[in-house]
Amino acid sequence: MGRYVNLKITFKMSQNSDVVLPNSAFDSILARLYFDKKKAENTFNGDYDQELPFLEKSDGVYHTSFPIAKVKAFQNRLITKSFDNAHFASMGGNIMASMEDTLRGRYKAWFEHFEAMIVDKVIYYVRGDIDVIYDLLKGLKHLGKKASIGMGKIKETIIEEIKDDYSLIKNNSPMRNLPSLEKYSKLENSSRVLMPLNPPYWKNYRSVECIISNSYTSEDK
């Protein structure tokens, strides 16, 4: 492996771009990028639980922080998945018998409502192999959820090598979900919750008691 260093990664967001930040540490994003790369190389074995060899790990967790952002405003978003057959036909589309009009019937009420944030930048702290991390982040164009509809567009990615490792603890506060150990029990601004310690975070059955910060949406200091 390459050189392990302490990093501060800053994503400058496009103007007026809203983002839904994931409620998980940066290892979740790096894992997705890493596995996508292995899939493209036809070397992925289908094991999403495998170790990420390019990240420092201690006490059972990777050295990657939760996102840090100063929120300028919140924005309510509503997405519907309606499809107007009549309008499609008027544009020359071919209506097949298997196509169902979602403007009426059992699908007409489908919608998703969520809250997005307007932020200028999002910061993560990481300790790992700088060369691998730099390579993985080269192709990252959007941050957070709903990237498929253009949310969380990244304007610039800045990767800085820093002196101290803030990926686990900073200013005596947890920077990510930490195991419920005595050494972390006295941290300030913290709570105990049930969640997985490592990616994939969507496997909820792997949840254990963790110590987390009460808030990450604040200005980095």
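I began with helix H1 (residues 27-40) and helix H3 (residues 130-137), whose axes come within 10 Å and cross at roughly 80°. Axes here are lines fitted to C-alpha atoms, for helices over the stretch in contact, with angles from 0 to 180 degrees between N-to-C directions. H1 and H3 are therefore roughly perpendicular to each other (the word covers 65 to 115 degrees). Helices (H or I, at least four residues) and strands (E, at least two) are DSSP runs, numbered from the N terminus.

A note on the source: this is a predicted model, where local features need pLDDT of at least 70, side-chain atom pairs count only at pLDDT 80 or more, and totals for chains, interfaces and linings use all residues. Residues are numbered from 1 along each chain as its sequence is written, and side-chain values use heavy atoms, without hydrogens and water.

Next I asked which residues of H1 meet H3. I found Leu 30, Leu 33, Tyr 34 and Lys 37 in H1, meeting Ile 133, Asp 135, Leu 136 and Leu 137 in H3 (contact means heavy atoms within 4.5 Å).

Then I followed Leu 137, which touches Phe 11, Phe 26 and Ile 159, among others. Leu 137 is also one of the residues with the most contacts inside the largest nonpolar core, which has 30 residues. Such a core is a set of buried (under 20% relative accessible area, 1.4 Å probe, protein chains only) Ala, Val, Leu, Ile, Met, Phe, Trp, Tyr and Cys residues joined through side-chain atoms within 4.5 Å. H1 gives the most to this core, with six residues.

Last, I looked at an open sheet of three strands, ordered E11-E13-E12 with antiparallel pairing (strands pair if DSSP finds at least two bridges between them).

Definitions and conventions. Angles under 35 degrees count as roughly parallel, over 145 as roughly antiparallel, 65 to 115 as roughly perpendicular and the rest as oblique. Buried means under 20% relative accessible area, exposed over 50%, partly exposed in between (1.4 Å probe, protein chains only). Lists of a residue's contacts leave out its neighbours within four places in sequence.
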